[in-house]
Amino acid sequence: SEADRFCSILTPELGLIDARARGARRSRSGLMLGTEFLTLCDYQLFDYKGRYTINSADLVYTFPKVKADIERLTCASHLAELLQDLLLPDEASGELYELMARAMAALERDQPEPLAVVHACEIRLMRLSGYGLDLAHCAECGRALPPNEAACFDFERMGLVCSEHRPKPPTNAYRELAREASSLDLSGATLAAIDWFSTAPLDRLFQFESQEVLVSKLGRFTRQYLAWNLDKYYTKLNMLNQF
């Protein structure tokens, strides 16, 4: 009915599932608050032939600072969209569940800044979904690269390339645009951050201080990295440039 809600719920045991909450839109419903976007709850579900119905929802945390701030809320919405695109049906992952829970908790804090949390979570989400990065070797010849030194990331090869296999400089404006879309120079600090976000223990992943310049460079990298791998441009974060 019009009073019902259909919810996507991330769980550690069942993965991402869809569930129906009967009458959740009614103001007196005990399911109203528990079925809002970005709410941590203990749910009691009824399963009938793979279709879930929410019987009860006990609130654990509602992330008030995220919901009250347009920047934090936009970041959370972007991560939710990315999660839905990456997670396969019936794919359970306790590590992925913990990552998203810690990312939402980090968005509640003042440090690191919301966009830094997003880029850290994007890189870790991609690795957990099978899109990990090799930052130690040239993607073309396999030669070992100096650790944490500036290098060129080639999106066509999907990895760092040594100076010998660096894409050739463009000869006109059109090729300049194409080169910007297919490769990106990354500083040593940016590469060190990407490596940390890929491999750090989850309980320490978001314990870092963010710098505006580094966050901007990470944003440019992850935007292209997601587009090349998932064949989709994520646009929710674009509205933050208007503030």
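Start with T11, which is found in strand β1 (residues 5-11). Strands here are DSSP E runs of at least two residues and helices are H or I runs of at least four, numbered from the N terminus. A word on the model: it is predicted, local features need pLDDT of at least 70, side-chain atom pairs count only at pLDDT 80 or more, and totals for chains, interfaces and linings use all residues. Residues are numbered from 1 along each chain as its sequence is written, and side-chain values use heavy atoms, with hydrogens and water left out.

**Stay on T11.** Is T11 buried or exposed? T11 is buried, because its relative accessible area is 10% (buried is under 20%, exposed over 50%, partly exposed in between, with a 1.4 Å probe and protein chains only). Show I17 and Y97: T11 touches both, not counting residues up to four places away in sequence (contact means heavy atoms within 4.5 Å).

**Step back to D4.** D4 is found in the segment before β1. D4 counts as buried, at 9% relative accessibility. Leaving aside neighbours within four places in sequence, the contacts of D4 include A21, R22 and G23.

**Now the sheet.** In what order do the 4 strands lie? They form an open, mixed sheet in the order β1-β2-β4-β3 (two strands pair if DSSP finds at least two bridges between them). β1 and β3 (40-48) stand at the edges with a single partner strand each, so one side of each is left without a neighbour in the sheet. Select β2 (residues 15-21) and β4 (residues 51-61): they run parallel, joined by 2 bridges. Find A19, which stands opposite Y52 in β4.

**Finish with helices.** Select α2 (residues 70-86) and α4 (residues 114-128): their axes come within 10 Å and cross at roughly 10°. That makes α2 roughly parallel to α4 (angles under 35 degrees count as roughly parallel, over 145 as roughly antiparallel, 65 to 115 as roughly perpendicular and the rest as oblique). Axes are lines fitted to C-alpha atoms, for helices over the stretch in contact, with angles from 0 to 180 degrees between N-to-C directions.
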